[in-house]
Amino acid sequence: FEPYAVSGAALWEQFTDKSEPRWKRSNALKEGEDELRYDGEWAIEEVAELAGVEGDRALVVKSEARHHAISSQLAEPFDPAASGLVFQYEVKLQEDLNCGGAYVKLLTAPTKGEFSDASPYTLMFGPDKCGESKVHLIYRHLNPITGKYTEHHLDQPPTPPIDRLSHLYTLAISTNNTFSILIDGAERRTGTLLDDFVPPVNPPKEIDDVNDKKPGDWEDEERIPDSDATKPDDWDEDAPMMIPDEDAAMPKGWLENEPLMIEDPEAQKPADWDDEEDGEWSAPMVPNPRCADAVGCGAWERPMTRNPEFRGQWFAPLIDNPKYKGEWAPRRIPNPDYFEDLDLYKLTKIDAVGFELWTMQAGITFNNIYLGASAEAAAAIAKDVWKPKFDTEAAVEEATRPK
């Protein structure tokens with residue numbers, strides 16, 4: 001392992017032997033209790049599974065079926081409004097992951113108190129597997145009307161790889177409100193902060209008037225039964241749909257007088273059978289051997305056929321409604337909560353980076369965390385730091401795979 005220099009970054013973390021003091025495990029308590037909310041253990045240690053670089057250290061989740069939380073304060077708040085944002089980090093699963101998160105939160109400045117799920121964040125980004133596997137991208141926006149923050153989730157997020165190799169997740173947000181998500185350097189999702197998140201940030205200019213009610217005489221049925229129509233005299237609603245087929249004949253070879261089941265001629269009453277206590281003994285029933293090769297046995301019944309007289313329940317035919325006014329809709333009125341923010345890339349300032357996770361498996365590993373505004377710096381890290389490691393891991397995995 002050789003440290004890699006990156007200039008101009010708000011955060012560049014390779015988890016060297018000097019990193020541990022910068023990362024603070026959360027001591028938040030469960031609500032109303034003196035017990036820790038996050039009891040999962042963390043360690044900064046060398047990678048044990050498919051290590052691609054000798055001596056490479058990383059932040060590792062050490063506990064199974066636990067809540068984990070840890071964060072690192074930035075040297076100074078990072079403002080995405082200045083030049084946009086680029087965030088990138090590595091995720092490696094050293095154990096098979098059945099259910100767990102590996103996403104990161106970029107915490108809103110100023111951070112206060114112990115880091116927890118209640119801590120305000122600007123962005124949440126990264127892979128998650130519990131049921132559906134996806135790469136989260138959520139940003140929080142301050143509503144200028146209500147003064148409250150709302151969460152906006154990426155629609156149609158990409159699917160992350162789930163294996164034991166190191167994978168690189170990159171998020172870039174530009175000053176024209178566009179974003180891109182890269183996985184292992186390949187573009188997997190692009191769009192805009194305005195159009196690709198649910199719910200959308202900007203509300204509609206007009207809304208339905210909830211006080212507008214449909215008039216009682218409003219006709220919105222386009223077709224109605226003809227009130228002048230009458231049921232024909234020969235229409236029999238009681239005629240059955242199916243009737244016996246009078247043209248059918250019993251098949252030749254049908255043994256009408258032979259039952260399908262007969263008493264077993266070889267059966268004998270058990271010696272310990274007591275008629276008074278057990279009742280009258282009768283032999284068990286077995287299939288009639290004479291029916292084995294016959295077309296059929298027993299009483300023959302005509303098959304059912306559709307009744308040509310069947311017409312079912314009569315209904316008046318539909319005609320155009322002369323009073324039809326169309327489908328009613330409430331009138332539209334100006335939305336009192338309307339606003340328009342066309343500079344969504346101007347996200348709230350970021351004060352810290354944190355992992356707040358639940359996982360059923362240990363061994364989730366994070367490394368080479370970059371936060372800044374340079375897509376070029378992120379690309380250089382991908383080329384010089386991540387790619388050689390990934391190639392080595394893939395080669396080791398292939399060499400050790402059972403033949």
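Visitor: Why is glutamate 246 called exposed?

Guide: In this predicted model, glutamate 246 has a relative accessible area of 58%. Exposed means over 50%, so glutamate 246 counts as exposed.

Visitor: Why is arginine 302 called partly exposed?

Guide: Its relative accessibility is 34%. Buried requires under 20% and exposed over 50%, so arginine 302 falls in between.

Visitor: What makes glutamate 246 and arginine 302 a salt bridge?

Guide: Their closest N and O atoms are 3.9 Å apart. The cut-off is within 4 Å, so the pair qualifies. Glutamate 246 lies in the loop between β18 (242-244) and β19 (254-255), and arginine 302 in the loop between β22 (296-297) and β23 (304-306), so the bridge ties together parts 56 residues apart in sequence.

Visitor: How do you know that glutamate 41 and arginine 25 meet in a salt bridge?

Guide: The N to O distance is 3.0 Å, and the rule asks for within 4 Å; the pair therefore meets it. Glutamate 41 sits in the loop between β2 (23-25) and β3 (42-46) and arginine 25 in strand β2, so parts 16 residues apart in sequence are tied together.

Visitor: Are these two residues buried, partly exposed or exposed, and what makes them so?

Guide: Glutamate 41 has 40% relative accessibility and arginine 25 has a relative accessible area of 24%.

Visitor: Why is the pair of glutamate 397 and arginine 401 called a salt bridge?

Guide: The closest N and O atoms are 3.7 Å apart, and the limit is within 4 Å, so the term applies.

Visitor: How many salt bridges does this rule give?

Guide: The count comes to 29. Glu49, Asp96 and Arg164 are linked in a network of salt bridges.

Technical notes
Residues numbered from 1 in each chain as written. Predicted model: local features only at pLDDT ≥ 70, side-chain atom pairs only at ≥ 80, totals over all residues. Heavy atoms only, no water. Salt bridge = Lys/Arg side-chain N within 4 Å of Asp/Glu carboxyl O. Helix = DSSP H or I, 4+ residues; strand = E, 2+ residues; numbered from the N terminus. Buried < 20%, exposed > 50% of the residue type's maximum accessible area, 1.4 Å probe, protein only.
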